[in-house]
Amino acid sequence: MALDQSFVGRTYPPTEPYEVGREKIREFAEAVGETNPVYTDPEAAKVLGHPDVIAPPTFVFSITFRAAGQVVQDPQLGLDYSRVVHGDQKFAYVRPVRAGDRLTVTSTIEAIKSLAGNDILDVRGEVHDETGERVVTAWTKLVARAAEEA
């Protein structure tokens, strides 16, 4: 059954703050094979004008995807998460994510489409720091595959 179009535009409450740790950034950079010292060496980051190490661009996915959990777990939406695959991801940065940031994410359903029996859900995550300034916007596309015929 297709997802309800009336959910388009629905915004969920901001998440609890996530404190970005220097060690988390280092672990992530290593995991994705990123060797730029700006991600692991505070002095290298300071040379480029940052107060501390910054995170690789895709680091914020772990925060925004967790926040999108509010959407996918909304029982009123009725999304069968066991059939969901990640379709696409985009980011628009205002500034890099930095060690020490305390970030919250507010998720909004931007679009719901049906295509060949699949439901396609676009979720926008607005990431703000503790001063309320926007740091990055992330768009996540989720595809709920059509149920197989019995």
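Predicted model: local features only at pLDDT ≥ 70, side-chain atom pairs only at ≥ 80, totals over all residues.
Threonine 108 is found in strand S3, where helices (H or I, at least four residues) and strands (E, at least two) are DSSP runs numbered from the N terminus. With a relative accessible area of 7%, threonine 108 is buried, a word I use for under 20% relative accessible area, with exposed meaning over 50% and partly exposed in between (1.4 Å probe, protein chains only). Residues are numbered from 1 along each chain as its sequence is written, and side-chain values use heavy atoms, with hydrogens and water left out.

What does threonine 108 touch, not counting residues up to four places away in sequence? The list is Gly9, Arg10, Thr11, Asp122, Val123 and Arg124, contact being heavy atoms within 4.5 Å. The side chains of threonine 108 and threonine 11 are also joined by a polar contact of 2.8 Å, that is, a pair of N or O atoms within 3.5 Å, where within protein one must be able to donate a hydrogen and the other to accept it, and residues adjacent in sequence count only if both atoms are side-chain atoms.

Now to the partners of this strand. S3 and S4 run antiparallel and are joined by 11 bridges, two strands being paired if DSSP finds at least two bridges between them; threonine 104, for example, stands opposite histidine 128 in S4. Strand S1 (residues 18-19) also pairs with S3 in the antiparallel sense, over two bridges, and here tyrosine 18 stands opposite leucine 103 in S3.

Which residue takes a positive phi in the hairpin of S3 and S4? That residue is alanine 116, with a phi near 55 degrees, in a hairpin that has two residues between the strands. Alanine 116 is not a glycine, and it is exposed, with a relative accessible area of 73%.

Finally, the aromatic residues. A search of the whole structure finds three aromatic pairs, which means rings of Phe, Tyr and Trp (its six-membered ring) with centres within 6.5 Å, planes under 30 degrees apart counting as stacked, over 60 as edge-to-face and the rest as tilted. One of them, phenylalanine 28 with phenylalanine 59, is edge-to-face, at 5.5 Å centre to centre and 85 degrees between the planes. Phenylalanine 28 lies in helix H1 (residues 22-31) and phenylalanine 59 in the loop between helix H2 (42-47) and helix H3 (61-72), so this pair ties together parts that are 31 residues apart in sequence.
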